[in-house]
Amino acid sequence: MQYVSAEHAVGLIKNNERVFIHGGCATPERLVNELTNRSKELKGVEITHMHTEGHAPYARPEFSAAFHVNAFFIAKNIRPYVNEQHVQYIPMFLSEIPMFIRSGKFPIDTALIQVSPPDQHGYCSLGVSVDIARSACDMATKIIALVNPRMPRTIGDSMIHVSRITAAVYAEDSIFESAPVALTDIEMQIGKHIAELVEDEATLQMGIGGIPNAALQFLENHKNLGVHTEMFNDGVLPLIEKGIINGQAKKIHRGKMVSSFAMGSQKLYDFMDDNPEVLMLDVGHVNDTTVIRKNKKVTAINSALEVDLTGQVCADSIGTDIFSGVGGQMDFIRGASLSEGGKPIIALPSTTKSGISKLVPTLKVGAGVVTTRAHVHYVVTEYGIADLYGKNIAQRAKAIIGIAHPNHREELERQSYDLYGKCW
Ligand code: COA
């Protein structure tokens, strides 16, 4: 493989191209910085990606003549600029983004990716982030790859042959890590409640944040758990080491842990490297509800910014301020609901850190409903579990108030009486 400098490689990008950036912990920061260095000479370059790590300098307003962003997920590096004209959010189910890219309606001129070095057959691996990168690489006219021996060689839909790569840059850069943070007491209490809902032989999906990790800590006495999840982190490692997660009860990809991207520590990346037990697959497959539902007892654990008393789940915005993205929440909540014995769970602290109730009579004006009230079954806070499935609106309101913070229950009851029914 012939290597060139990052400057030379990124020099192939022209005005008005659409450039895809490999996401999550695979973000090729060296290439991103080099692209931003061309801000004075480039015009109208559209940048697209899911969540990325690093500083995302291209999103800064001073570079808006050169670059504008159309992102499928708003991470904290571009959050300050979202809703400005040059940084916009595309709401789309994660399961559908690969299909959208493959449809040709969203052509990608250049993909900037980070991969492991080629194996003896000439295949590099997309490593910790296969998700929508698989479809972007399949469709991109040019691929500029940062080839990095520190990128774990993962197995699945991750392989890309050197013949597809237009320009390769070699560097031994650190892969972004998202080391586990200490869990709060509230997260631990929520985790304990979730663990009560998880049955032996369940297949788990874990969403973003500390709550799924807290739940994993209480599964030490469970048996034959499996994993089919769009993302995962270090939280699964102790359960794999103890044989509690073994995938033996799974109906599809039996014995394998299936995922699409990973965000963890070097320990996790070492575990994933060349490991045939971990399948990193296209998110169009992983998040497909018809695939998810094939496993029994799919237990999907996702979080929310707000839940209203009818069960509507806001997860991508705080009012009109876009905070994150639709992601795969609805894919898995629905997939779990369709799975035999499945349990779709929305888990959240009852209040924000400043004491505002996250369980609300009505969502904020402009709040994005990621999961509808018809999709939701269980809502869990540190105060317990509300089972909403099959309940009418007044019953739902009562169940949700029962898991609200005690300081807010009286006011929620008053508002519920006015808004949703005078039957209790
Ligand atoms: N009103 C005002 N502010 C609120 C709020 C509310 N109801 N709820 C949360 N916030 C603020 C918090 O105070 C916090 O602010 P800070 O960062 O300044 O402390 C911030 O918003 C984030 O809240 P937090 O509860 O810590 O979020 P989280 O990191 O646990 O993530 C989601 C929760 C919903 C944003 C996240 O799960 C998500 O993006 N989900 C959508 C996609 C998805 O679920 N995908 C599935 C699998 S990947």
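Buried means a relative accessible area under 20%, exposed means over 50%, and partly exposed is what lies in between, using a 1.4 Å probe and protein chains only. At least three of the core's residues come from each of domain 1 (6–170) and domain 2 (185–420), with bounds taken from an automatic or database domain assignment. In soluble globular proteins, nonpolar side chains tend to be buried together.

Before going on, please keep in mind that this is a predicted model, in which local features need pLDDT of at least 70 and side-chain atom pairs count only at pLDDT 80 or more, while totals for chains, interfaces and linings use all residues. Residues are numbered from 1 along each chain as its sequence is written, and side-chain values use heavy atoms, leaving out hydrogens and water.

What does isoleucine 132 touch, not counting residues up to four places away in sequence? Its partners are Phe20, Met50, Phe72, Leu94, Ile97, Pro98, Ile101 and Val283, where contact means heavy atoms within 4.5 Å.

Now step back to the two domains. Their centres, taken over C-alpha atoms, are separated by 28 Å. Where they meet, 32 residues of domain 1 are in contact with 33 residues of domain 2. The size of an interface is often given as the accessible area lost when the parts come together. Here the area buried between domain 1 and domain 2 is about 2,600 Å², with carbon and sulfur atoms giving 61% of it; buried area is the accessible area (1.4 Å probe) that two parts lose on being put together, summed over both. On the domain 1 side, Tyr89, Leu94 and Ile155 lose the most area to domain 2, together 21% of what that side buries.

Next, look at the aromatic rings. Rings of Phe, Tyr and Trp (its six-membered ring) pair if their centres lie within 6.5 Å; planes under 30 degrees apart count as stacked, over 60 as edge-to-face and the rest as tilted. By this rule there are three aromatic pairs. Tyrosine 3 and tyrosine 170 are edge-to-face because their ring planes stand at 65 degrees, with the centres 5.3 Å apart. This pair joins distant parts of the chain, 167 residues apart: tyrosine 3 belongs to the segment before helix H1 (6–10), and tyrosine 170 to strand S10 (residues 167–170). Helices (H or I, at least four residues) and strands (E, at least two) are DSSP runs, numbered from the N terminus. Both tyrosines are partly exposed, tyrosine 3 with a relative accessible area of 35% and tyrosine 170 with 38%.

Elsewhere, Phe72, Phe100 and Phe106 form one aromatic cluster. Arginine 18 lies over the face of phenylalanine 106, at 3.9 Å from the ring centre. The charged end of arginine 79 sits over the ring of phenylalanine 323, 3.8 Å from its centre. A charge counts as sitting over a ring if NZ of Lys or CZ of Arg is within 6 Å of the ring centre and within 35 degrees of the ring normal.

How many residues of helix H11 (residues 329–338) are buried? Seven of its ten are, so this helix is mostly covered. Among the buried ones are Met330, Phe332 and Ile333.

Finally, visit two loops. Most residues other than glycine have a negative phi, and most peptide bonds are trans. Histidine 253 has a positive phi of about 55 degrees although it is not a glycine, and its place is in the loop between helix H7 (237–241) and strand S14 (257–259). Aspartate 274 also has a positive phi of about 55 degrees, in the loop between helix H8 (266–272) and strand S16 (278–280). Histidine 253 is partly exposed, with a relative accessible area of 23%, and aspartate 274 is partly exposed too, with 43%.
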